[in-house]
Amino acid sequence: MLDRIDKYMIKGNIVNIQRFSLHDGPGIRTTVFFKGCPLNCVWCHNPESKLKDIELAYYRELCIDCGNCKDICTMGCHTISGGAHHIGRKNCVVCGKCVNACPKSALEMIGSESPASEILTETLKDRAFYNNSGGGITLSGGEPLYQPEFALELLKLSKENGLHTCLETSGFTGYKNLERMIPYTDLFLYDWKETKENLHKKFTGFSNNLIHENLLKLDKAGAKTILRCPVIPKYNDREQHYIGIAELSKKLANIVEINLLPYHTLGSSKCESIGRAYPLSSLPSLSDEEKKKRTNIIQRITDRKLLWVDHNM
Ligand code: SF4
Ligand code: SF4
């Protein structure tokens, strides 16, 4: 089947390809992180995938202030004085010269344009692991459906090559985009961030009406879903929201399970590296006992399978 790969030349912007993922669907998987997302979740843990465009990241802890980047940048973006390294990102044309000149890998270009065929070739390297574990490829991000043509080609290619496919999505897109993916997607990892519409708007910038409607349509069309619910203390960690998750799951005939995803702070350092402010101050993590309480609220209402999925582990 690999001889058909060259027929597909659609390119997409991706952040990275992560091999041996254990939390993005069943078995061992390769997760492809798409670049670009239309939502503005305050707790975003992948801020580097928010913008579609390529960005420059800077890791202070690796920098030795050698000044190579300052010397090579023709746009005058780097200034180093008194131990402080400032990057004037407004003038940056993301040429990458400073990245190549840095001896300590303290600079990195986030994002690259890759053809679907190249990503598939990379993914197929781990076919033996997928076969043994029931794994496959997962499209994540960012929001894969922000680049629908590219997502579709990658899913098609993956199916043609016998891979199990998962698509993680916020569902914030026109239904047509979702509908086109159904024949090539074995499992949708569908985000459900907040039940109450006004709070959803406050936390993500947009209403959840479209997301809710799309989920019901997807289910009606027979698509299998896992409901993925980030748990953010002081934000959506409310009894009413857990009741909402349980009630929503009862409406879905083809739901496989509910996943609760504990908050983690990775977004904070990532924001710093790309020069963006992180809107959350440190939030508490839930103890096992507190998690059990949340689990019980849901399980009082539904017997759907429920798992806590911690990306930090
Ligand atoms: S990517 Fe290019 S323009 Fe941007 S800071 Fe580096 S050298 Fe300057
Ligand atoms: S080239 Fe790298 S190590 Fe040297 S000052 Fe620039 S970022 Fe720091």
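**Close-up views of a predicted model**

**View 1. The second largest pocket of the model and the residues that line it.** In this predicted model, the second largest pocket has a volume of about 160 Å³. Sixteen residues line this pocket, and those closest to its centre are Gly25, Ile226, Glu257, Asn259 and Leu307. Two or more residues of the lining come from each of the strands β10 (187-191), β11 (225-231), β12 (255-262) and β13 (306-308), and among these elements β12 gives the most, with three residues. Sorted by class, the lining has nine nonpolar residues, together with three polar and four charged ones.

View 2. Strands of a sheet pair through backbone hydrogen bonds, and they may do so in a parallel or an antiparallel way. Here the nine strands follow the order β7-β1-β2-β8-β9-β10-β11-β12-β13, and their pairing is mixed. At the edges of the sheet are β7 (112-115) and β13, each of which pairs on one side only. From one strand to the next, the twist averages 30°. Helix α11, which covers residues 288-299, packs on the sheet and touches both β12 and β13, and the direction of α11 makes about 160° with that of β13.

**View 3. The pairing of β10 with β11.** The strands β10 and β11 run parallel and are joined by four bridges. Leucine 189 has isoleucine 226, in β11, as its bridge partner, and Ile226 is also one of the residues closest to the centre of the second largest pocket.

View 4. The residues around ligand 1 include the cysteines Cys73, Cys77, Cys92, Cys95 and Cys98, and with them stand Leu56, Met75, His78, Val93, Val94, Gly96 and Lys97. By class, this shell divides into nine nonpolar residues, two polar ones and one charged.

**View 5. Two loops with backbone features to look for.** In the loop between β3 (55-58) and α1 (68-72) lies aspartate 65, whose phi is near 55°, a positive value in a residue other than glycine.

Note on methods
Residues numbered from 1 in each chain as written. Chains lettered and ligands numbered in written order. Predicted model: local features only at pLDDT ≥ 70, side-chain atom pairs only at ≥ 80, totals over all residues. Heavy atoms only, no water. 1 Å grid on protein atoms, 1.4 Å probe; cavity = no way out; pocket = protein on both sides within 12 Å on 5 of 7 lines; lining within 4 Å. Points joined across faces, edges and corners; volume = space filled by probe spheres on them. Nonpolar A, V, L, I, M, F, W, Y, C, P; charged D, E, K, R; others polar. Pairing = 2+ DSSP bridges. Axes fitted to C-alpha atoms, helices over the stretch in contact; angles between N-to-C directions. Contact = heavy atoms within 4.5 Å. Near = heavy atom within 4 Å.
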